[in-house]
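Biologist: I am new to this structure and would like to learn how to read it. Please take me through it one feature at a time.

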Amino acid sequence: MTPETILNRVDRALTALVNAAEPYEGLFPSLLDRHTGAMLTDLPPAIEGQRNGDRAHLGSNLTHDEVTLKTCYALDRPDLTQAADQYLKRFAAHCTGTESGLFPWGEHAFWHLVDDRPGNSYIYHNPEAPDRLIHDHLRATPLWLWEKLHAINPDCIQRFAEGLDNHWVEIEPLEYIRHAHIDKKNQRFTPSRTSCDFPRHGGFYIFDWAFAYTQSKRPEFIDQIRQMLDYWWKKRHPDGLLNTESRTNEGHFAYHLLAVSQTLSLGVSLLEAADLLDSAQPELATEMRHRARVYLDAFLAAPHDLDQNVFVGGFQKDAPNWHTMVVWGSYYGRTPASYTALLCLCAYRLTQDNRFLSWAEAVGRCYLTTPFPTHTTVPAMDAGMGLGLLADLHDLTGDPLWLNLERAGELVEIYFDQNDLPRGASGIDWYESQTGPGFLLHGLARLALLSLHGQASCPLNADYTGR
């Protein structure tokens, strides 16, 4: 398939999303009929491994759409740029005025397009559940998005950073939790059965506070960063790896589970935050980089076997079962290998450590050679991040091996057929932002643009929010 044909399919999909957003002040509906382009009023059944409590039925979720908007901005079409601007203006000006300051986005909350208020995903899992609005930082928020939102509504950034205090828990010794109240101000969670303090989330909060600090120089954000920076450092294992949770009951899935990929995630977030703080807080930035390298080295030393395509996301010491990543067919709790490989390329860009490039190349070869399965439902995220990985490997190495338009064409046929909007997953017939079609549009566009413009002039860069 030619790069022009691939870009045409991406253009058609983005145009369909823009059209679908017209009734909703520019916000993209999360679930769409692929044949009519209209928002689905009935919630389709969840695909295998998908939780209804993560979906944005009758709503829009900026965390899901971030990579789609990034692609809109890169394609040099005034209508797509205007649509992306309209989306972010509507969100920043209209959707961020919550009691806590935390945004209705991420894993369990969204903006309800029919009721025009924050939406609660939990009710789709259990209609009898309390109508509680929970913030969860599903992925890292990239610098470009923070900058766009700040340019529109600077106050919403400061209020969001203040609201992150809700992620601390009223317990001694101090804990944080990945969940927080959106609709309550200065109200922390009470202790849960387990801590649920995933390391990657700590890195997200540190980066958010760092950006907010660069805009306001408020010392309380530095205090929050220092407290979070020390949190996992004091709990690390001698090899530098971190547990999935710091407090877990025996029999729980995370009991003594070493979070290999999350250790990497925290390390990368520290490096990115350190870049923001270099001029104003140089000593803190230096300490962040030191600790980040400990975490990054710990990730590389985990029991991966790159020659045998064994990519370990987590494991228990002295236990026979490892949590390994898949090439195709991810589900909640088991990410695609491309997810971590892209993060390795982010780490490579930040450190120039060739071990991260080698790790990502091993995964990239799997995406070139592993047949697409016909017996399982594959979220569009798997295909999109796989293509994004190939594109970034080509951008970094110049090796034409990675510029594989044949694989891209195969995935266009599987996910698009004759419709403008891609499937949310193979084997289903609706668009759903939660399953990652935005990554598919980004991966296809980046491969095609690299083919047409070359590395030096490609207008679309990598997306490293999956961590």
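Biologist: Does glutamate 25 count as buried, partly exposed or exposed?

Modeller: Buried means under 20% relative accessible area, exposed over 50%, and partly exposed in between (1.4 Å probe, protein chains only). Glutamate 25 has 42% relative accessibility, so it counts as partly exposed. Glutamate 25 sits in the loop between α1 and β1, and its phi is positive, about 55°, although it is not a glycine. Helices (H or I, at least four residues) and strands (E, at least two) are DSSP runs, numbered from the N terminus.

Biologist: Where do the numbers come from?

Modeller: This is a predicted model, in which local features need pLDDT of at least 70 and side-chain atom pairs count only at pLDDT 80 or more, while totals for chains, interfaces and linings use all residues. Residues are numbered from 1 along each chain as its sequence is written, and side-chain values use heavy atoms, with hydrogens and water left out.

Biologist: How many helices and strands are in the chain?

Modeller: The chain has 15 helices and 12 strands. Of its 467 residues, 61% are buried. The C-alpha trace spans about 60 × 50 × 45 Å along its principal axes.

Biologist: What span should helix α1 have?

Modeller: The expected span of a helix is 1.5 Å times one less than its number of residues. Helix α1 (residues 3-21) has 19 residues and should span 27 Å; its end C-alpha atoms are 27 Å apart, which agrees. Helix α12 (residues 354-369), with 16 residues, should span 22 Å, and its end C-alpha atoms are 23 Å apart, which agrees.

Biologist: Which residues of α1 are buried?

Modeller: An α-helix has 3.6 residues a turn, so residues three or four places apart point the same way. The buried residues of α1 include Ile6, Val10, Leu14 and Leu17. Contact means heavy atoms within 4.5 Å. Among the elements that the buried residues of α1 pack against are α2, α3 (78-94) and α15. In α12, the buried residues include Phe356, Trp359 and Tyr367, and their cover includes α9 (260-277), α13 (380-397) and α14.

Biologist: At what angle do the axes of α14 and α15 cross?

Modeller: Two packed helices are described by the angle between their axes and the distance between the axes. Axes are lines fitted to C-alpha atoms, for helices over the stretch in contact, and angles run from 0 to 180 degrees between N-to-C directions. The axes of α14 (residues 405-415) and α15 (residues 437-453) come within 11 Å and cross at roughly 145°. The contact is made by Leu405, Ala408, Val412 and Tyr415 of α14 with Leu440, Leu444, Leu447 and Ser451 of α15.

Biologist: Which residues is asparagine 61 in contact with?

Modeller: Asparagine 61 lies in the loop between β2 (59-60) and α2 (62-74), and at 1% relative accessibility it counts as buried. Leaving aside neighbours within four places in sequence, asparagine 61 is in contact with Ala56, Tyr87, Trp105, Gly106, Ala109 and Phe110.
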